[in-house]
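Here's a quick briefing for anyone meeting this structure for the first time. Have a look at it below, then read on for the spaces, the surface and the charged pairs.

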Amino acid sequence: MTENLTNSALTSKNNTGTKSGTDRKVTLLGLGAMGGALARAWLAAGYDVTVWNRTPARATALAEEGARVASSVAEAVAAGPLIVTVLLDDASVASALDGVDLNGKDLVDLTTGTPGSARARAKWAAGRGARFLDGGIMAVPPMVGVPEAGGYVFYSGSRDLFDARRDTLAVPLGTHFVGTDAGFAALHDIALLSGMYGMFAGVTHAFALIRGEQDIKPSEFAPLLAGWLGAMSGMVHDTAARLESGDYTTGVVSGLGMQAAGVPTFTGTAEQYGVSTELLAPVFALMRRRVAEGGGAMDTAALVDALRG
């Protein structure tokens, strides 16, 4: 079950008159590019922000902008009830919070990790007396604090924590609650990014093909490629419908058999232009395997189950 996106700074600012001093406190651990952007968004919205970073120099600019700089993690955590971590990895979270009193705290971990590490961290936090949310940030630092940029964060874990801190969490980026399983935020994050990298692979191969032709300018080819990818993006909805129904053959326009038969055209063209097929070869191999298993009339949605073995 998912929660609709909520917008950021404007929502929080409109509610500032009803918030207590405690509700206006945020402790942020980690001041890399993303951590610094989050801190500035909360400061701009009038929040009382305490920051800590392993390299203290990174906190200097934020101190000048109104942040309280803690000399230790323990001091930072003691400053308020809401603790947000944006550190290098899960091991860094464990190291930073080792031995720190988290009893009664709300811990929101925006550190990139796996679904498994998020679930383990949730149990760890519960054992320390803290409520826990894991977050997957779907944005880059320049999008933080800019609602129209469309950035947001997937959240999963304690629903009570999310409901209690929703306004605060929505200040820097939109919020999207995806379930009480603490691993779901990371799963959504990695699934979307996996789709992105698959697209990057296709885009890279496409540009590699036209790269050797002096009469085809990348800047002129780009809008054609973007338009084509946009037109094809609707297939994700058809794929979802087929996965839920289990019907991979009704109304198929181009079955796997037909697509697999065209593979030599792609590989032959790449060979003529001296372009490696290493980015496309895996999906072609998966198509051929599914066809060999009798799935020639099936839609590409059938590759999802094939990929899972």
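Which residues line the largest cavity? They are Asp90, Asp109, Thr111, Thr112, Gly113, Thr114, Ser117, Ala118, Arg121 and Asp134. Bear in mind that this is a predicted model: local features need pLDDT of at least 70, side-chain atom pairs count only at pLDDT 80 or more, and totals for chains, interfaces and linings use all residues. Residues are numbered from 1 along each chain as its sequence is written, and side-chain values use heavy atoms, with hydrogens and water left out.

**How the spaces are found**

- Rolling a probe the size of a water molecule over the atoms shows where empty space is left.
- The search runs on a 1 Å grid over the protein atoms alone: a cavity is a set of points where a 1.4 Å probe fits but cannot get out, while a pocket is an open set with protein on both sides within 12 Å along at least five of seven lines. Lining residues have an atom within 4 Å of a point.
- Grid points are joined across faces, edges and corners, and a volume is the space filled by probe spheres set on the points.

**Cavities**

- There are two cavities of 30 Å³ or more in the structure.
- The largest cavity holds about 50 Å³ of space. Helix H6 (residues 115-127) gives the most to its lining, with three residues (helices, H or I with at least four residues, and strands, E with at least two, are DSSP runs numbered from the N terminus).
- Sorted by class, the lining of the largest cavity has one nonpolar, five polar and four charged residues (Ala, Val, Leu, Ile, Met, Phe, Trp, Tyr, Cys and Pro count as nonpolar, Asp, Glu, Lys and Arg as charged, and the others, Gly among them, as polar).
- The second largest cavity comes to about 40 Å³. Thr111, Thr112, Gly113, Asp134, Gly135, Gly136, Ala186 and Asp189 line it, and strand E6 supplies the largest share, three residues.

- The largest pocket has about 2,300 Å³ of space. Its lining counts 47 residues, and Gly198, Met235, Val283, Met287 and Thr300 lie nearest its centre.
- Helices H8 (184-210), H9 (218-232), H10 (235-245), H12 (263-272), H13 (281-295) and H14 (302-307) are the elements giving two or more residues to that lining. H8 gives the most, with eleven residues.
- By class, the lining of the largest pocket splits into 28 nonpolar, 15 polar and four charged residues.
- The second largest pocket has about 260 Å³ of space. Of its 14 lining residues, Met34, Thr112, Ile137, Met138 and Ala139 are the closest to its centre.
- Strand E6 (131-138) and H8 each give two or more residues to the lining of the second largest pocket, with E6 providing the largest share, three residues.

**A nonpolar patch**

- Tyr197, Met199, Phe200, Trp228, Leu229 and Met232 make a nonpolar surface patch of about 620 Å² (patches are made of residues with over 30% relative accessible area and no salt bridge, with like charges joined within 9 Å and nonpolar side chains, meaning Val, Leu, Ile, Met, Phe, Trp and Tyr, within 5 Å). Accessible areas come from the Shrake-Rupley method with a 1.4 Å probe, and for residues only the protein chains shown count as cover.
- H8 and H9 are the elements that give two or more residues to the patch.
- Met232 sits in helix H9 and counts as partly exposed because its relative accessibility is 38% (buried means under 20% relative accessible area, exposed over 50%, partly exposed in between, with a 1.4 Å probe and protein chains only).

**Salt bridges**

- The whole structure has 14 salt bridges (a side-chain nitrogen of Lys or Arg within 4 Å of a carboxyl oxygen of Asp or Glu).
- Glu65 pairs with Arg40, with the closest N and O atoms 3.1 Å apart. This pair links distant parts of the chain, 25 residues apart: Glu65 is in the loop between helix H3 (60-64) and strand E3 (68-69), and Arg40 is in helix H2 (residues 33-44).
- Arg242 and Asp238 meet at 3.0 Å, N to O, in another salt bridge. They are four residues apart in helix H10, so about one helical turn separates them. Arg242 is buried, at 8% relative accessible area, whereas Asp238 is partly exposed, at 36%.
- Glu293 and Arg289 form a salt bridge too (3.6 Å, N to O), and both lie in helix H13, four residues apart, about one turn of the helix.
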